Amino acid sequence: MPPARKPSRRGFVQSGLAAAALLATRARPTWAAIEKPKLTLGLAVPAASFLPVYVAAARTWKEQGLAVEIVSFRGDAEVSQAMAGGSLDLSLQSFDGLINLINSSQPVKGFYAGFHQADFAWLAQPAIKTWADLKGGTIGVSTFGSLTDQLTRYVLKKHGLTPETDVRVMQAGPSATSIQLLRSGRLLAAIQSAPTKWVAEDLGLTVLGTQEKEIAPQWPKHTFVARTKFLDDNPGTLRAFLRAHVAAIRLAHADRDLAVKVLVDQVKYQPSYAARAYEENLPAFDERGRLPDEKYMDIFWSIVVAAGTTTEPWPAARLMDDRFIGTFAEWAP
């Protein structure tokens with residue numbers, strides 16, 4: 001297999017991407033050969049927080065000599081089943097999903113954790129102005145035991161409200177369903193993701209709080225996952241994949257119009273909401289693939305332990321293979 005083709009300065013200049021062109025002028029070592037140029041990547045769901053993946057599909061995977069097929073599933077459970085069954089080379093899913101895979105004795109690890117979005121919000125009926133106003137009412141989450149359930153119970157307790165005693169917690173399905181229950185009056189509040197959190201706000205519902213302000217400004221939202229044997233057998237492939245990923249993040253910074261367009265095309269957002277998603281998500285990508293700051297990981301583990309997913313916090317080494325984390329220092333500004 002020939003070495004991975006390095007991006008050319010000419011190609012970047014012709015595309016008009018000034019920031020990416022600057023990268024091409026930097027001296028780089030000779031990259032290792034790509035062991036497996038054709039990959040299958042599973043996504044838990046289509047989501048704006050996967051922005052660099054969509055940009056990579058549009059541009060940077062090919063520039064690194066990769067052909068990657070994206071398969072979108074209907075949540076972590078489905079993508080985890082596909083990973084466990086060996087039908088995926090890589091997946092991009094939640095840390096809860098990775099923890100559950102490891103708890104099930106699957107030989108997998110995360111290898112890049114640079115998705116730090118804390119992007120949920122709690123919306124309430126217009127008459128509800130404070131968390132205390134929820135007492136005696138019902139708040140919606142997607143499903144019991146889900147991340148939305150865990151976060152909602154955490155924030156209710158933070159505001160002195162006991163779930164199921166002071167406020168009933170109800171399974172309300174995805175945001176597109178729960179917003180209808182909000183509008184019909186069956187719920188006093190519900191946790192919402194983009195873009196329905198913005199739709200609800202535009203309709204005049206009250207923004208009670210956001211994950212960023214109520215819980216932590218950084219959250220380990222997603223990680224790339226692979227089987228340990230794949231990590232061992234394909235280091236050149238994974239370095240090419242992550243070079244393309246870092247290049248995609250920088251391309252998104254350099255070319256806003258391209259990034260917004262891929263969100264419209266891939267996630268089916270209206271252009272105005274795609275633009276809002278771009279602005280919200282872009283600052284939360286860590287190019288080196290690190291976990292969030294330790295103080296925010298402590299909050300993550302406190303919520304995970306309270307939910308019974310684990311009995312204690314795990315060391316990072318149990319979750320992450322760190323061979324590929326922070327390996328792109330030569331790309332850093």
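The charged end of Arg318 sits over the ring of Trp314, 3.8 Å from its centre; that label needs NZ of Lys or CZ of Arg within 6 Å of the ring centre and within 35 degrees of the ring normal. Keep in mind that this is a predicted model: local features need pLDDT of at least 70, side-chain atom pairs count only at pLDDT 80 or more, and totals for chains, interfaces and linings use all residues. Residues are numbered from 1 along each chain as its sequence is written, and side-chain values use heavy atoms, with hydrogens and water left out.

**Aromatic rings**

- The whole structure has 14 aromatic pairs, counting rings of Phe, Tyr and Trp (its six-membered ring) with centres within 6.5 Å; planes under 30 degrees apart are stacked, over 60 edge-to-face and the rest tilted.
- Trp219 and Phe300 make an edge-to-face pair, 5.4 Å centre to centre with 70 degrees between the planes.
- That pair bridges 81 residues of chain, from the loop between α9 (211-214) and β10 (222-227) to helix α14 (residues 294-306); helices (H or I, at least four residues) and strands (E, at least two) are DSSP runs numbered from the N terminus.
- Trp219 and Phe300 are buried, meaning under 20% relative accessible area with a 1.4 Å probe, protein chains only.
- Phe224 and Phe241 have ring centres 5.0 Å apart and planes at 85 degrees, so they count as edge-to-face too.
- Since Phe224 is in strand β10 and Phe241 in helix α11, this pair ties together parts 17 residues apart in sequence, and both residues are buried.
- Phe224 and Phe241 also belong to one aromatic cluster with Trp61, Phe111, Tyr112, Phe115, Phe285 and Phe324.

**Helix α11**

- An open, mixed sheet has 5 strands in the order β2-β1-β3-β10-β4; strands pair if DSSP finds at least two bridges between them.
- β2 (67-72) and β4 are the edge strands, each with a single partner, so one side of each has no neighbour in the sheet.
- Strand β1 (residues 38-43) pairs with β2 in the parallel sense over 6 bridges, and Thr40 stands opposite Glu69 in β2.

**Asp119**

- Asp119 sits in the loop between β4 (108-115) and β5 (121-124), and at 11% relative accessible area Asp119 is buried.
- Leaving out residues up to four places away in sequence, Asp119 touches Gln192, Lys197, Gln211, Lys221, Glu280 and Asn281, where contact means heavy atoms within 4.5 Å.

Note on methods:
Buried means under 20% relative accessible area, exposed over 50%, partly exposed in between (1.4 Å probe, protein chains only).
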